[in-house]
Amino acid sequence: MEYKLLSNGKLTQLISEKGIATFSKAIHYVKNLPYGRNASRTDFSLVISEGKGSCSSKHAFLKALADENKIPNITLFIGIYKMNCTNTPKTTSILTANSIVFIPEAHCYLKIENEYCDATAATSCFENIKSVILEEIIIAPFQVGNFKIEYHQAFLKKWLSENKSVFTFEDFWKIREQCIEALSTN
């Protein structure tokens with residue numbers, strides 16, 4: 001079902017200024033914005049005003065937009081998946097240089113009705129990571145800030161310990177940050 005954006009809320013007004021009047025068109029618009037971190041992790045309006053976003057900000061924006069318009073059956077998730085050279089090719093040189101097969105990466109996405117939706121980038125497809133999800137939890141849009149970072153870091157610390165990794169958490173996090181930076185390049 002197609003949902004019209006009828007709210008007078010801030011996010012609806014921002015997306016409406018781009019000529020977008022339905023939720024499915026908002027998803028398409030956001031998905032086609034470049035990948036990049038915003039100036040603030042918790043100000044979802046920046047996805048539109050800065051014209052870019054990460055998995056966190058783009059999906060939090062869409063979930064908040066849906067909530068603002070009372071669109072039902074849309075759930076925001078954090079999933080920890082095995083980020084590797086196959087499902088995230090831009091990380092290949094970094095992973096290979098550090099002899100790492102995969103990094104457990106926190107990724108945000110939506111479930112609309114019973115279908116997963118990944119609007120991170122024009123080429124994003126949830127099917128590419130579906131089989132390598134290690135765990136997932138439902139979150140609220142405001143949790144893409146500190147909560148997501150703390151959840152991801154706690155998962156990594158436990159994972160590194162359980163797998164008796166040669167990496168310290170700090171070194172592993174730096175490598176992960178290099179991978180995220182690589183995703184922002186064209």
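Here are some notes on helix packing and a handful of residues in this predicted model.

1. **Helix 2 against helix 4.** Two packed helices are described by the angle between their axes and the distance between the axes. For helix 2 and helix 4, the angle is about 165 degrees and the axes are 10 Å apart. Anything over 145 degrees counts as roughly antiparallel, so helix 2 and helix 4 are roughly antiparallel to each other. Their crossing is right-handed. On the helix 2 side, the contact is made by Phe23, Ala26, Ile27, Val30 and Lys31; helix 4 brings in Lys58, Phe61, Leu62, Leu65 and Ala66. Sorted by class, that contact has eight nonpolar residues, no polar ones and two charged ones.

2. **Helix 7 against helix 8.** Helix 7 passes helix 8 in a right-handed crossing. Helix 7 supplies His152, Gln153, Leu156, Lys157, Trp159 and Leu160 to the contact, and helix 8 supplies Phe169, Phe172, Trp173 and Arg176. By class, the contact of helix 7 with helix 8 has six nonpolar, two polar and two charged residues.

3. **Thr91, in a loop.** Is Thr91 buried or exposed? Thr91 sits in the loop between strand 1 (74–84) and helix 5 (92–97), and its relative accessibility is 0%, so it counts as buried. A polar atom of the Thr91 side chain lies 2.7 Å from the backbone oxygen of Thr88. Beyond its neighbours within four places in sequence, Thr91 is in contact with Met83, Asn84, Cys85, Cys179 and Leu183.

4. **Tyr35, another loop residue.** Tyr35 is in the loop between helix 2 (23–31) and helix 3 (46–49). With a relative accessibility of 18%, Tyr35 falls under the 20% cut-off and therefore counts as buried. Which residues does Tyr35 touch, not counting those up to four places away in sequence? They are Gly53, Ser54, Cys55, Lys58, Thr120, Ile180, Leu183 and Ser184. One C-alpha distance to check: Tyr35 and Lys52 are 17 residues apart along the chain, and their C-alpha atoms are separated by 5.7 Å.

5. Most residues other than glycine have a negative phi. Asn73 has a phi near 60 degrees, a positive value in a residue other than glycine. Its place is in the loop between helix 4 (55–68) and strand 1, and at 46% relative accessibility Asn73 counts as partly exposed. Ser99 also has a positive phi, near 55 degrees. Ser99 lies in the loop between helix 5 and strand 2 (102–112), and with 67% relative accessibility it counts as exposed. Tyr3 lies in the segment before helix 1 (10–16). At 21% relative accessibility, Tyr3 counts as partly exposed. Leaving aside neighbours within four places in sequence, its contacts are Ala21, Thr22, Phe23, Ile71, Pro72 and Glu113. How many residues separate Tyr3 and Glu162 in sequence? The separation is 159 residues, and C-alpha to C-alpha they are 45 Å apart in space.

6. **Lys10, on helix 1.** Lys10 belongs to helix 1 and is exposed, with a relative accessible area of 54%. Not counting residues up to four places away in sequence, Lys10 touches Asp43, Ser45 and Glu68. Lys10 and Ser45 are 35 residues apart in sequence, with 7.9 Å between their C-alpha atoms.

Key:
Residues are numbered from 1 along each chain as its sequence is written. This is a predicted model: local features need pLDDT of at least 70, side-chain atom pairs count only at pLDDT 80 or more; totals for chains, interfaces and linings use all residues. Side-chain values use heavy atoms; hydrogens and water are left out. A crossing is left-handed if the near helix is turned anticlockwise from the far one by less than a right angle, and right-handed if clockwise. Helices (H or I, at least four residues) and strands (E, at least two) are DSSP runs, numbered from the N terminus. Contact means heavy atoms within 4.5 Å. Ala, Val, Leu, Ile, Met, Phe, Trp, Tyr, Cys and Pro count as nonpolar, Asp, Glu, Lys and Arg as charged, and the others, Gly among them, as polar. Buried means under 20% relative accessible area, exposed over 50%, partly exposed in between (1.4 Å probe, protein chains only). A polar contact is a pair of N or O atoms within 3.5 Å; within protein, one must be able to donate a hydrogen and the other to accept it, and residues adjacent in sequence count only if both atoms are side-chain atoms. Axes are lines fitted to C-alpha atoms, for helices over the stretch in contact, and angles run from 0 to 180 degrees between N-to-C directions. Angles under 35 degrees count as roughly parallel, over 145 as roughly antiparallel, 65 to 115 as roughly perpendicular and the rest as oblique.
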